[in-house]
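Welcome, and please take a moment to look over the chain before reading on.

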Amino acid sequence: MTTKDKGEVVMLWKDIWKIFDQEENREERLRKWMDPKLDNYYPIDYALSLASLAVNCTADKSLSRPTIAEIVLSLSLLTQPSSSTLERSLTSSGLDIEATQIVTSIAAR
């Protein structure tokens, strides 16, 4: 949660869902959402993967959410240096994110 200038409380997970509503300009929308203090010094594909994991973790249906083991695996893969290894590993990890259509695919369980 965050509080806007006029005291309005905003649920940040709803903003992340909006980013994944449409596939076009997803990177640009995520960059606008990210903390400007980061000044684009982060790999956007990793940021998209992390954001898509957050979307999965906040799915309406609890059975659609990843298990803690799947979350730990996904997060640990994000620390690996090779993006091709990351994409290959996430594809075989068992997570489902068809609704978000992320850049690095996470396969259905």
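The largest nonpolar core is made up of 11 residues: Ile16, Ile19, Phe20, Leu30, Met34, Tyr42, Ile44, Ala47, Leu48, Ala51 and Val55. A nonpolar core here is a set of buried Ala, Val, Leu, Ile, Met, Phe, Trp, Tyr and Cys residues joined through side-chain atoms within 4.5 Å. Buried means under 20% relative accessible area, exposed means over 50%, and partly exposed is what lies in between (1.4 Å probe, protein chains only). Helix H1 (12-19) and helix H3 (44-57) each supply at least two residues of this core, and the largest share, 5 residues, comes from H3. As background, nonpolar side chains tend to be buried together in soluble globular proteins.

Before going further, a word on what you are looking at. This is a predicted model, in which local features need pLDDT of at least 70 and side-chain atom pairs count only at pLDDT 80 or more, while totals for chains, interfaces and linings use all residues. Residues are numbered from 1 along each chain as its sequence is written, and side-chain values use heavy atoms, with hydrogens and water left out.

Now for the overall plan. The protein chain has 5 helices and 2 strands, and from the N terminus on its elements run β-β-α-α-α-α-α. These elements are DSSP runs numbered from the N terminus: helices are H or I with at least four residues, and strands are E with at least two. Of the 109 residues in the protein chain, 32% count as buried. The chain exposes about 7,300 Å², and carbon and sulfur atoms supply 55% of that area; accessible areas come from the Shrake-Rupley method with a 1.4 Å probe, and for residues only the protein chains shown count as cover. Among the contacts in the protein chain with a separation of 6 or more, 40% are between residues 24 or more positions apart, where contact means heavy atoms within 4.5 Å.

Is Ile16 buried or exposed? Ile16 is buried, because its relative accessible area is 7%. Not counting residues up to four places away in sequence, Ile16 touches Leu30, Trp33, Ala51 and Val55. Ile16 and Leu48 are 32 residues apart in sequence, with 9.9 Å between them in space, C-alpha to C-alpha. Ile44 is another core residue; leaving out residues up to four places away in sequence, Ile44 touches Glu27, Leu30 and Arg31.

How do the helices sit against each other? Helix H2 (residues 26-33) and H3 pack at an angle of about 80°, with their axes 10 Å apart. H2 is therefore roughly perpendicular to H3. On the H2 side the contact is made by Arg26, Glu27, Leu30 and Arg31, and on the H3 side by Ile44, Ala47, Leu48 and Ala51. The axes are lines fitted to C-alpha atoms, for helices over the stretch in contact, and angles run from 0 to 180 degrees between N-to-C directions. Angles under 35 degrees count as roughly parallel, over 145 as roughly antiparallel, 65 to 115 as roughly perpendicular and the rest as oblique.

H3 also has H4 as a partner: their axes come within 11 Å and cross at roughly 170°. H3 is therefore roughly antiparallel to H4. Here Leu50, Leu53 and Cys57 in H3 meet Ile71, Ser74 and Leu75 in H4.

Which residues of helix H4 (residues 68-77) are buried? They are Glu70, Ile71, Ser74 and Leu77. Seen down the axis of H4, these buried residues fall within an arc of 135°, so they line one face of the helix; the arc is that of the directions from the helix axis to the C-beta atoms. The face turned away from the buried side of H4 carries the exposed residues Ile68, Ala69 and Val72.

Finally, visit the loops. Ala59 lies in the loop between H3 and H4 and is buried, with a relative accessible area of 14%. Leaving aside its neighbours within four places in sequence, Ala59 is in contact with Trp17, Ser64 and Arg65. Asn25, in the loop between H1 and H2, has a positive phi near 60° although the residue is not a glycine. Asp39, in the loop between H2 and H3, is also not a glycine and has a positive phi of about 50°.
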